[in-house]
Amino acid sequence: MGVDRLFVVFLVVAVVVLLTRALAGRLRVPDAILLVLLGMGAGFVPALPEVVVSPEVVLFGFLPPLVYHAAFFTAPREARADLAAIVTLAFGLTTVTTVAVAGTVHALLPGLGWAAALAFGAAVSPTDPVAATSVMQRLGAPPRLVTILEGESLINDGAALTVFALAVESLDGGFTPAHGALRAVQLVAGGVAYGLVLGIAIRRVRRSIKDPVSQIIVSLVTPYLAFVPAENLGVSGVLATVVAGFSIGTHGEGVLQPASRLVGNTFWQILTFLLESALFVLLGLEIREVLRHPGGHTWGEVALTTLAVSGVVIGVRLLWQLGAGPLARLAPGGRELGPRQRVVIGLGGMRGAISLAIALSLPAAVGPERGLLVLLTALVVLITLIGQAPLLPLLLRWLGLAESGRRRHESMIARRAGLKAALARLEELAEEDEVDEQTAEAFRQMLEVRLERVRYLLDREDGKEERRPPNSRHVRAELVEAQRAKLTALYRKGRIGAATLREISRELDFEDPFVVGKARS
C-alpha cells in the first residue's frame, strides 16, 4: 500500500475515533459498540482504497500492547480471592466454547477443515470485558463480578491463543494428538517461564529510571520484548506478555514514581484506545472486499452460520455458569456465586478487540475461507456487543445488583482515612520541630478543608445535611484561573517566554480541581 493510501487510512481511523468520543458520552453507550458500527461503516465508503491487513502486523503489532495493558492493571488481591471461578471460566469455558464453535461451523460449512474451524473457534472464544465492566462500574455492580470478568478475559486470551497457535500449526498436516499435547505444554510452560524472567529483569531496570519519559519508553518496549522473542523461541508470546505485565504491575512498589504513573496511565489509555479503534476500522475496510465475494457461500449460509455461532457462544457461556459454575466452590479456596451473579456473568461475555485481532491474524494457509471467517468474527463481535451490552443495565437493576453510589462511597471512605493520616503525620512533624508552626498551620487548614468536604458528602449519603459543604473547590478554581489570566498577560507583554508559559500552565493544570477531577474520573 502506497504512502497516499496509508495516509487516507490514517485519516479514516482518526475520524472514527473522534466521532466515537463525541457520540459515546451523549448516547451513554460503551465506546466498543460505536467503534464496531462506525468502523464497519467506514469500510463501505467508495473512495477508500482496498485494504488487506497482514496477519503479522496484527499479531506482532496490535496484540502485545493490548494484552500487556490488561495484565498490568490487574487487581491481584481481588483476583486471588476468586481464582477458582476465574480459572474455570478462562480454561474450562474457553476450551468448551472453542470446540462447540468449531463443531458448529464445521457442520454448517463442510468445506472448512477441522484445523481452520478450531482456529476460528479460538478467535471467538475469548471475552472482552471493556463493554461489560464499563456498564457494571457505572451502575455500581458488585466489584466481585467486575474482577471475575476482568480476570477471566486476561487469562482466556492466553488460553485461546494457545489453541489458536496449535490449530494454525496443524494446518500443514502431520499433527498428532501426542504432538499437540507436547506442544501445548511447551507453549504454556515456556511462555510463563520467559515472562517471569523478563518481568523480574524489567522491574530491576525500571527501579533505576527516574525520568517519566524514559519509563514510558521502557513500558512501550516491554510487551514486544515479551512477545516477539517468545514466539521466535517457539513458546507462547501471549502468555509471556501476560505474565510479564502481571509481574511488573503487581510488584510496582518502588518501580514507578508518582510522575511516571500519572503520565504513563494517560499514555497507555490513549494507546490502547487507538489500537482498538484502528482494529475496528481496518476490519471494516477489509470486510468490504469480503462482502463482495463471501468465499463462494450464499448470504443465507453466512447469516445462518453467524446466528448459529452467536447462539453457541452466548448459550454455552450461560449454560456453563448455571451448570458448571457452582462447581468452582469445590476447588481449593473456591467461593460460590449466587444464581443472580452467575446469570450476570453468563450474559456479560461480549467479544471485542482481541477476537478481531486473532481473526485478522489468520494465515493465508486457511485458504479461500479466511475472508469468510474474518467476516463471521466481526459479525459475532457485533451481535454480542449490540445484543448483550444494552441488556446488562436492565438485568442488573432487575436482579437488584445495581448500586450506583457504591464506588463513590468507597472513594469517600478512602479519602477520609487518607486525610486523617496526613493530619496525624503533620502533627508529628510539628512536634518534632521538622516544620515551623506557620507552615504547619497552612497545611493543616488545607487538609481540614478537604476533610470537611469529604465528611459533608458522607453525611449527605447518610441523610444528614446539617452542615453546608465548604466551597473550597470553587475558590481554588477561581484562584487558578486568576493565575492563568496573569500568566497570559505577562506572555503577551513579552515579560516571559513560551517555555515559561507552558511550564507554569502545566503546574496550574495540576492545581485546577475541575481538571484533576475529570482526569481521575
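Let's start with a helix pair: α5 and α13 are roughly antiparallel to each other. Their packing angle is about 150°, and the cut-off for roughly antiparallel is over 145 degrees. The axes of α5 and α13 lie 10 Å apart. Their crossing is right-handed. Keep in mind that this is a predicted model.

Who makes that contact? On the α5 side, the residues include Thr88, Leu89, Gly92, Leu93 and Val96. Further along α5, Ala100, Val101, Thr104, Val105 and Leu108 are also among them. On the α13 side, look for Leu304, Ala308, Val309, Val312, Val313 and Val316, among others. Arg317, Trp320 and Gln321 of α13 take part too. By type, the contact of α5 with α13 has 14 nonpolar residues, six polar and one charged.

Now the whole chain. It has 521 residues, and 46% of them count as buried. The protein chain has 22 helices and zero strands. Take the contacts with a separation of 6 or more: 79% of them join residues 24 or more positions apart.

Next, α6, residues 114-124. Is this helix enclosed or open? It is largely enclosed by the rest of the structure, because nine of its eleven residues are buried. Those buried residues are Ala115, Ala116, Ala117, Ala119, Phe120, Gly121, Ala122, Ala123 and Val124. What do they pack against? The partners are α5, α8, α13, α15 and α16. So our opening pair, α5 and α13, shows up again here, because both are on the list of helices that the buried residues of α6 pack against.

α8 is on that list as well, and it brings us to a second pair. α8 covers residues 143-169, and α11 covers residues 237-250. They pack at an angle of about 160°, with axes 8 Å apart. That makes α8 and α11 roughly antiparallel to each other. The crossing here is left-handed. From α8, the contact uses Leu154, Asp157, Gly158, Leu161 and Thr162. From α11, it uses Val238, Leu239 and Val242.

Last stop: one side chain. Arg203 sits in α9, residues 177-207. Is Arg203 buried or exposed? It counts as buried, because its relative accessibility is 13% and the cut-off is under 20%. What does its side chain touch? The Arg203 side chain makes a polar contact with the side chain of Ser247, at 2.5 Å.

That's the tour.

Technical notes: Residues numbered from 1 in each chain as written. Predicted model: local features only at pLDDT ≥ 70, side-chain atom pairs only at ≥ 80, totals over all residues. Heavy atoms only, no water. Axes fitted to C-alpha atoms, helices over the stretch in contact; angles between N-to-C directions. Helix = DSSP H or I, 4+ residues; strand = E, 2+ residues; numbered from the N terminus. Parallel < 35°, antiparallel > 145°, perpendicular 65-115°, else oblique. Left-handed = near helix turned anticlockwise from the far one by under 90°. Contact = heavy atoms within 4.5 Å. Buried < 20%, exposed > 50% of the residue type's maximum accessible area, 1.4 Å probe, protein only. Polar contact = N/O pair within 3.5 Å; in protein donor to acceptor, adjacent residues only side chain to side chain. Nonpolar A, V, L, I, M, F, W, Y, C, P; charged D, E, K, R; others polar.
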